[in-house]
Structure formats: C-alpha cells, structure tokens
Amino acid sequence: MEGITEGVNSMSLGVDTQKKNRIQVSHTKKPLFFYVNLAKRYMQQYSDVELSALGMAIATVVTVAEILKNNGFAVEKKIMTSTVDIKDDSRGRPVQKAKIEITLAKSEKFDELMAAANEEKEAAEAQEQS
C-alpha cells in the first residue's frame, strides 16, 4: 500500500503547473487597485510577481506594472509577449489572442515603502476611532 501512496504522491497531474507567484489579470472582474495591492502582497511573499493577461486585459497589466514601478515598489525583470490560440465556442474554431507576461521584482526600497504605508494606514485608523 505504501508503494501506491508514494506513486500517487509523486505523480504529476498537470494541475499544479501554474506558478504560485502569477496573477492572471482580467479587465472586467476586479478594479485596478485590487491588482496593484495583490501584486504588493505577492512581492512580500515571493520577492517577485508575474502579471499575466490576454487581449483587452493587457492594458490593465501594463498600468498595474507602471503604477508599481513609478511608486518605487518594483523593478522590471522581464516582459514577454506572444499569441495563444483560444477555442471560441460560438465560432467553433480557435481564435488568436495577444498575451503578455510582465515579471516584476521587489525594488530596494520596497520594504521601507511598505512599512511607511502601513504606518500611515494605522495612523488613519487610530484617528477614525478617536
């Protein structure tokens, strides 16, 4: 029985192939700053983050990356563009969509900026309570 359990545990089913530090961005589902804040959390946890999007969501990913870079939280590591075939059920044939993947790493000032932002948040909460 141990051999079966060991074999099942070592089996790769292709389910866990998605990277843990990847954020797949949609342009309709969540507001822009949801992704900005999520990317900050991912960078705290993994030190870098991969933002990924298809089609119309590409503009959202680029905006999120630029906000993080311009505010000093991140530095650009890699940008990759490609096209992918997506099966369109209404047309019954594959449709090509543009895809972008932007990898950002923590900036040198990241921890300092996050600490300052947390202090501001705590001060604002304390002021609301009084």
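Author: What follows sets values against definitions. This is a predicted model, where local features need pLDDT of at least 70, side-chain atom pairs count only at pLDDT 80 or more, and totals for chains, interfaces and linings use all residues. Residues are numbered from 1 along each chain as its sequence is written, and side-chain values use heavy atoms, with hydrogens and water left out.

Reader: Why is the pair Tyr 42 and Tyr 46 called edge-to-face?

Author: Rings of Phe, Tyr and Trp (its six-membered ring) pair if their centres lie within 6.5 Å; planes under 30 degrees apart are stacked, over 60 edge-to-face, the rest tilted. The structure holds three aromatic pairs. For Tyr 42 and Tyr 46, the centres are 6.0 Å apart and the planes 70 degrees apart, so the pair is edge-to-face. The two sit four residues apart in helix α2, which means about one helical turn separates them.

Reader: What makes Tyr 46 partly exposed?

Author: Buried means under 20% relative accessible area, exposed over 50%, and partly exposed in between (1.4 Å probe, protein chains only). Tyr 46 has 30%, so Tyr 46 is partly exposed.

Reader: What makes Phe 73 and Phe 110 an edge-to-face pair?

Author: Their centres are 6.0 Å apart, with 75 degrees between the planes. Phe 73 lies in the loop between α3 (58-70) and β3 (74-88) and Phe 110 in helix α4, so the pair ties together parts 37 residues apart in sequence. Both Phe 73 and Phe 110 are buried.

Reader: How do you know that the charged end of Lys 40 sits over the ring of Phe 73?

Author: The rule asks for NZ of Lys or CZ of Arg within 6 Å of the ring centre and within 35 degrees of the ring normal. Lys 40 counts, with its charged end 4.3 Å from the centre of the Phe 73 ring. Lys 30 also has its charged end over a ring, that of Phe 34, 5.1 Å from the centre.
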